Amino acid sequence: MVIISPNDPEAMVQYARECRELGIPYIYDPGQQIIRLSGEDLADGIEGSRVLILNEYELEMVKNKTGLTDSDVLARTGTLIVTRGERGSTIATNGQVYEVPIARPRQVADPTGAGDAYRAGVIKGLVHGLSPEMMGRLGSLTAMYAVEEYGNQEHHYTRGEFVARFQENFGPVEDLDEIMARRRPNLR
């Protein structure tokens, strides 16, 4: 699994093509480089991605640059994840749409890094084959930890703390501690 995140636009185009040629699943996260990528390059990066992840503003920018509609975008990727700040996130996949609530922070110190933290939680769920709803909730909780601390890499938690806060926000989940303890599987 590869994540193509914002970096040199030419490299992003090449990475997407290489992943498709080699049959490597990838997450496409064009983010801050949407402005520098052409509509054609954005559409190409989306095409065949396993997951496209954007915030709602970025999705509108992609649609404006490519001329694609929501359904066009979804037809080109396996899963479309749109983060919506305080309103949670939406995960569309396999003809279903999942509305994922936020995890409630105990304090709001700084939203910097929340999007990246959300992606980390989603990736944890994705590589372990969890449901879209569970992936989103892992992302939501991970983002919450980032929001509670000033600075984008200052948050930390133990597995036990994460499990407890998950259940506090979303209710009990059988085997959650076991899920969180899993190591990265071989994705090939």
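Guide: Let us begin with handedness: a crossing is left-handed if the near helix is turned anticlockwise from the far one by less than a right angle, and right-handed if clockwise. Helices (H or I, at least four residues) and strands (E, at least two) are DSSP runs, numbered from the N terminus. By that convention, α5 passes α6 in a right-handed crossing.

Visitor: What makes the contact between α5 and α6?
Guide: Contact means heavy atoms within 4.5 Å. On the α5 side the residues include A114, Y118 and G121, and on the α6 side they include M135, G139 and A143.

Visitor: At what angle do the axes of α5 and α6 cross?
Guide: Roughly 150°, and the axes of α5 (residues 114-127) and α6 come within 7 Å. Axes are lines fitted to C-alpha atoms, for helices over the stretch in contact, and angles run from 0 to 180 degrees between N-to-C directions.

Visitor: What sort of model is this, and how is it numbered?
Guide: This is a predicted model, where local features need pLDDT of at least 70, side-chain atom pairs count only at pLDDT 80 or more, and totals for chains, interfaces and linings use all residues. Residues are numbered from 1 along each chain as its sequence is written, and side-chain values use heavy atoms, with hydrogens and water left out.

Visitor: Why is Q33 called buried?
Guide: Buried means under 20% relative accessible area (1.4 Å probe, protein chains only), with exposed over 50% and partly exposed in between. Q33 has a relative accessible area of 10%, so Q33 is buried. Q33 sits in the loop between β2 (26-28) and α2 (39-46), and touches P6, N7, D8, P9 and M12, leaving aside residues up to four places away in sequence.

Visitor: Why is β4 described as largely enclosed?
Guide: Because 6 of the 7 residues of β4 (residues 77-83) are buried.

Visitor: What makes β3 and β4 a pair?
Guide: Two strands pair if DSSP finds at least two bridges between them. Here 6 bridges join β3 (residues 49-55) to β4, running parallel, with V51 opposite T79. β4 also pairs with β5 (residues 89-93), in the antiparallel sense over 5 bridges.
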